[in-house]
Amino acid sequence: MAIFSVQMAWSQEAYRLGPGDRIALRVLSWDRIELQFVEFNALGGEYAVGPDGYLMVPAAGRFEAAGLTVEEIADEVTDRLESGLGLADAPSASVEVVGFRPVYLLGDVAQPGPIEFAPGLTVQQAVALAGGTRQVFDNGPEGMAAALRAVGTLRELGQTLVRQQVRAARLQAERDGAETFAQPSPMDHFGDGTSTETVYELERSLFESRREAQKRALAALDSTRSVLETEIANLEEKLSGQARQVAIVKESVGNMESLVDRGLATSPTFVSLQRQLIDLENRELDTETNVFRARQAISELESDRVELEAGRQLEVLRELQNSEAEIQQTLARQDTVRQLLVGSQALLDEASRFPEVLISYRVTRTEGGLSRQMDAAAATVLKPSDVLEVTVSLPESAG
């Protein structure tokens, strides 16, 4: 029977929502007068896809969300708000998944039942979240059971350590602002024969995805700044012309005032020139105000850029700190298990007879209304609503 391949394309495939998924919605609109984005706080927040697959958003109404991607949801909300509210300019909606349908575990696991799903969740990670595999050695000698458990634990810890070390290397590259993420060397291989190339490729894909997302966010800020700078240049050129007009009219008002005093010109003409001067000065003031607002918007963009970069750096440092702490915990557990084995030569000898237990995985997945069952490996990437069955047994040579 076919084995699930590791799904390297999770970050590239468009995830389609289903009943039970939760999304976070944010709606923005550009204010041409204030020259800034306005957020529709009443529409933003978290929403859940109902059991019938429909989503209810204020002002946008109720529509079918099951089977749509977050980009399609955002487009649907934008279109509905633009038409429903009669907006002159289409708002901009952004959607991200903040809660996924669970994965269900059954069989030889310590805690069968649903576990929380996260993108990239593998079979082995799901088993770990369920408390690990349930031991099947209760009927055998106590020494054999202890040895098998210790050897199995060491193998699992080794696999966990590989993933943690690759993740830490990826976070270090993000912290240093590197353009590439090199695979740490030397690297061991998983006990089930799956190369650590798989782990590295998953982390490298995540590294590139996060780096590109940061670049796009910064590029958007730079693009907006460029627009504002162009606008300021145009306004300053306009302001220069208005200043020349004001100077000319002021000179005309002065000359006209002298002619009126000598009776060579009429008062209505003089009053008309004064009104023209006042109107020009008001326009000049409006232009200066627009220049000030545009410069203020640029200043706010700079603050947003600094906050974006600092926030990302802080997030990476926090994740790296947690990752390094997890590595130390795994190393400490490895050391403890090794000491237990080394402390009893009898256990070590027994364990060497049967160094591995047999663990098999079977996934039931529903797609397009149809369910299918397939064998899986420890590194297989799961999807929301998958049902994972775990079976643990001794090799046939154990008798």
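**A short walk through a predicted chain**

Let's begin in a loop: Ser 385 sits between strands β10 (370–376) and β11 (387–393). Helices here (H or I, at least four residues) and strands (E, at least two) are DSSP runs, numbered from the N terminus. Ser 385 has a positive phi of about 75°, although it is not a glycine. Most residues other than glycine have a negative phi. At 33% relative accessibility, Ser 385 counts as partly exposed; that term covers what lies between buried, under 20% relative accessible area, and exposed, over 50%, with a 1.4 Å probe and protein chains only.

Ala 59 has a positive phi of about 75° too, and is not a glycine. Its place is the loop between β4 (54–57) and β5 (61–64), and at 47% relative accessibility Ala 59 is partly exposed.

Some ground rules, before we go on. This is a predicted model, where local features need pLDDT of at least 70 and side-chain atom pairs count only at pLDDT 80 or more, while totals for chains, interfaces and linings use all residues. Residues are numbered from 1 along each chain as its sequence is written, and side-chain values use heavy atoms, with hydrogens and water left out.

Now the whole chain. The secondary structure comes to six helices and 11 strands. Of the 399 residues, 35% are buried. Take contacts, meaning heavy atoms within 4.5 Å: among those between residues at least 6 apart in sequence, 67% join residues at least 24 apart.

How confident is the predictor? pLDDT, its confidence in each residue from 0 to 100, averages 78 over the chain, and 78% of the residues score at least 70. Confidence is highest in strand β7 (residues 103–107), at 91, and lowest in helix α6 (residues 345–353), at a mean of 45. Over residues 1–12, pLDDT stays under 50, and the model has 34 contacts beyond four places in sequence for them. Residues 188–194 also stay under 50, with 15 such contacts. Where pLDDT is low, the predicted coordinates should not be read in detail.

Let's stay with β7 for a moment. A hairpin of five residues joins β7 to β8. The two strands run antiparallel, with three bridges between β7 and β8 (residues 113–115); strands pair if DSSP finds at least two bridges between them. Look for Val 103, whose bridge partner in β8 is Ile 115.

Next, helix α1. Which residues of α1 are buried? They are Val 70, Ile 73, Ala 74, Val 77, Thr 78 and Leu 81. Seen down the axis of α1, the buried residues fall within an arc of 135°, so they line one face of the helix. The arc is that of the directions from the helix axis to the C-beta atoms.

Finally, helix α5, residues 267–342, which holds Glu 319. Is Glu 319 buried or exposed? With a relative accessible area of 16%, Glu 319 is buried. Leaving aside residues up to four places away in sequence, Glu 319 touches Arg 167, Arg 170, Leu 171 and Arg 210.

Ala 297 and Thr 224 are 73 residues apart in sequence, and 9.4 Å apart in space, C-alpha to C-alpha.

Methods: pLDDT = per-residue confidence, 0-100.
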